[in-house]
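Hi everyone, thanks for coming. Let me put the sequence and structure up, and then we'll walk through the strands together.

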Amino acid sequence: KSASEDIVEFLNQIIVKGFKKILLFGAGEVAEILLQTLTVDRNIPIEVLGVIDDDVKKQNTFLVGVQIISIESLDIIEHDGILISSYSNKEIMIKKLLEHNYNKNHILNFFDL
């Protein structure tokens, strides 16, 4: 299977679980590929409302048309879950979300395929 097919399959799995309005955590290559896949395949009913990133230089810029925000912004954006879009930093990101009292049942990890 191609990477694009794996992404579409994963996104369809999270839709079935009720996650339709999501945030991404990590404004790197994985997030860019996920966003490009959603742009190309408009049949996937997922809306990415923002991309969380700790790098203040990236915040308030855009990645494939989606604004990059700070972790503090997740409290004011109504969403269903957060998709971890980094392999190398996934444990750190999950820890930060849990320290932020984020519900662990709403943390989605692309790399748990």
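**Strands side by side**

Okay, let's begin with strand E1, residues 21–25, and strand E2, residues 47–52: they run parallel and are joined by 5 bridges. When I say strands, I mean DSSP runs of E with at least two residues, while helices are runs of H or I with at least four residues, and both are numbered from the N terminus. Two strands count as paired if DSSP finds at least two bridges between them.

Before going on, a word on where this comes from: it's a predicted model, where local features need pLDDT of at least 70 and side-chain atom pairs count only at pLDDT 80 or more, while totals for chains, interfaces and linings use all residues. Residues are numbered from 1 along each chain as its sequence is written, and side-chain values use heavy atoms, with hydrogens and water left out.

Back to E1 and E2. Lys-21 has Glu-47 as its bridge partner in E2. Together with helix H2, residues 29–40, these two strands form a right-handed β-α-β unit. Right-handed here means that, with the strands pointing away from you, the path from the first strand over the helix to the second runs clockwise. E2 also pairs with E4, in the parallel sense, over 2 bridges, and there Val-51 sits opposite Ile-68.

E5 in turn pairs with strand E6, residues 107–109, over 3 parallel bridges, with Ile-82 opposite Ile-107.

Buried means under 20% relative accessible area, exposed is over 50%, and partly exposed is in between, using a 1.4 Å probe and protein chains only.

**One histidine**

Finally, look at the loop between E4 (66–69) and E5, where you'll find His-79. Why does His-79 count as buried? Because its relative accessibility is 18%. Its side chain reaches the backbone oxygen of Ile-77 at 2.6 Å, and a polar contact of 2.8 Å links the side chains of His-79 and Tyr-102. A polar contact is a pair of N or O atoms within 3.5 Å; within protein, one must be able to donate a hydrogen and the other to accept it, and residues adjacent in sequence count only if both atoms are side-chain atoms.
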